Amino acid sequence: MPVLRALSKAARQALLAPGCGCPPLAVAVRSISFSPRQVTNDASFHSVSFSETDHPKVLITGGLGQLGVGLAKLLRKRFGNNNVILSDIRKPPSHVFHSGPFIYSDILDYKNLREIVVNNRITWLVHYSALLSAVGEANVSLARAVNITGLHNILDIAAEHGLRLFVPSTIGAFGPTSPRNPTPDLCVQRPRTIYGVSKVHAELMGEYYHHRYGLDFRCLRYPGIISADSQPDYAVAIFHDAIKTGKFECNLKPDTRLPMMYIDDCLRATLDVMEAPAEQLTMRTYNINAMSFSPEELVAEVQKPLPDLQVTYNIDPVRQAIADSWPMNFDDNNARKDWGWKHDYDLPELVTTMLNFLGADSRIARAN
Ligand SMILES: NC(=O)c1ccc[n+]([C@@H]2O[C@H](COP(=O)([O-])OP(=O)(O)OC[C@H]3O[C@@H](n4cnc5c(N)ncnc54)[C@H](O)[C@@H]3O)[C@@H](O)[C@H]2O)c1
């Protein structure tokens, strides 16, 4: 075994130890004298302990998407404005630019990432950059670069600098051969989109780095996230259309059931799992869920305050095929048991909140 011979004794022991994740292996791995990119990995040198700063110093990648700006707001409230840095490759709108630290960061540029982490003494990394399912299918090679090569940069930076790393996964990490109702944390994962494949890769690589290098990797599989400013998913579009025109054309079949969550629950879950003491985490990748509904159930709920809403169905076969391969319901019992996950928003609260947020008062008044 020439490769093994070249390794240190501790590394050999780690590689030869049976199983993964057992305490003796974790101890051996932490003492390995090289890191993924062959940079000396002395966590006590690189990482800034919490007692030194009182608060984590957070970097959010891909922070200008649906979730990053809201997460920055939540984390800044908790840890202080200057302790949370938003980054992206896009130009921030002025309200985001003026609300707290923002910097350019391309996750494909490893040196740029390292410079940001070092210069800002980052201790937590929330990795939001990704090409999501529809965009990824439209540009597979870019999705592969951003979601897979970019993730490798993030993992190496996090391991080398002793960061706590959060990477979200998704219902899209499951596929048609997964159990769908409910989908447990551990089961067959054979997704058929590049997005799903890259997220399974992220889950496995993060867990591997945890066992191999002691990386503090934490991952939640988010369901579909609903917020007022998200991309035109049916479960968001219905609220905008109900208010603007009173008519809604749905591109999924009426009985297509998917797990969903209001954005406030998703962001709070992210903060909660990042703050959870490591000894409470029996796993490193958890499902989280809040509700599960179909278009016809959502329509019925929206029609309670807006009975004049007219709904038609015009099925998009590509979106329907993707939705049909996703979980219908998520089993998140492990998250609830291990670190106390609990959602606040069920379907009725979601509908009331979205309609209020989008200013439905006038239409509701008219309907009454
Ligand atoms: N929104 C959801 O419903 C949902 C559900 C499950 C999981 N997630 C995950 O949560 C994370 C955030 O989702 P989102 O909805 O905010 O995504 P989004 O598509 O809205 O935003 C992604 C961001 O990544 C940035 N990006 C692209 N290439 C980059 C690069 N090379 N370097 C740096 N940034 C780059 C984009 O500019 C964009 O602002 C993603 O990882 C996604 O997979 C989201």
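Ala, Val, Leu, Ile, Met, Phe, Trp, Tyr, Cys and Pro count as nonpolar; Asp, Glu, Lys and Arg count as charged; the others, Gly among them, count as polar. Keep these classes in mind for the model above, which is predicted.

**The cavity**

The structure holds one cavity of 30 Å³ or more. About 60 Å³ of space lies in this largest cavity. Which residues line the largest cavity? They are His127, Ser129, Ala130, Val146, Asn147, Leu151, Val167, Pro168, Ser198, Lys199 and Ala202. By class, the lining has six nonpolar residues, four polar and one charged. Two helices each supply at least two lining residues: H10 (140-160) and H11 (194-213).

**The ligand**

How many residues surround the ligand? There are 24, and the closest are Gln66, Asp88, Arg90, Asp106 and Tyr195. This shell divides into 13 nonpolar, seven polar and four charged residues.

| Residue | Protein atom | Ligand atom | Distance |
|---|---|---|---|
| Gly65 | polar backbone atom | oxygen | 3.4 Å |
| Leu67 | polar backbone atom | oxygen | 3.0 Å |
| Ser129 | polar side-chain atom | nitrogen | 3.1 Å |

Taken alone, the ligand exposes 830 Å². The protein buries 90% of that area. Strand S6 (169-170) and helix H11 are the elements that give two or more residues to the shell around the ligand.

**Links between the two sites**

Ser129 lines the largest cavity, and its side chain also has a polar atom 3.1 Å from a ligand nitrogen. Helix H11 supplies at least two residues to the cavity lining and two or more to the ligand shell.

Terms used
Residues are numbered from 1 along each chain as its sequence is written. This is a predicted model: local features need pLDDT of at least 70, side-chain atom pairs count only at pLDDT 80 or more; totals for chains, interfaces and linings use all residues. Side-chain values use heavy atoms; hydrogens and water are left out. On a 1 Å grid over the protein atoms alone, a cavity is a set of points where a 1.4 Å probe fits but cannot get out, and a pocket is an open set with protein on both sides within 12 Å along at least five of seven lines; lining residues have an atom within 4 Å of a point. Grid points are joined across faces, edges and corners, and a volume is the space filled by probe spheres set on the points. Helices (H or I, at least four residues) and strands (E, at least two) are DSSP runs, numbered from the N terminus. A residue is near a molecule or strand if one of its heavy atoms lies within 4 Å of it. A polar contact is a pair of N or O atoms within 3.5 Å; within protein, one must be able to donate a hydrogen and the other to accept it, and residues adjacent in sequence count only if both atoms are side-chain atoms. Accessible areas come from the Shrake-Rupley method with a 1.4 Å probe; for residues, only the protein chains shown count as cover.
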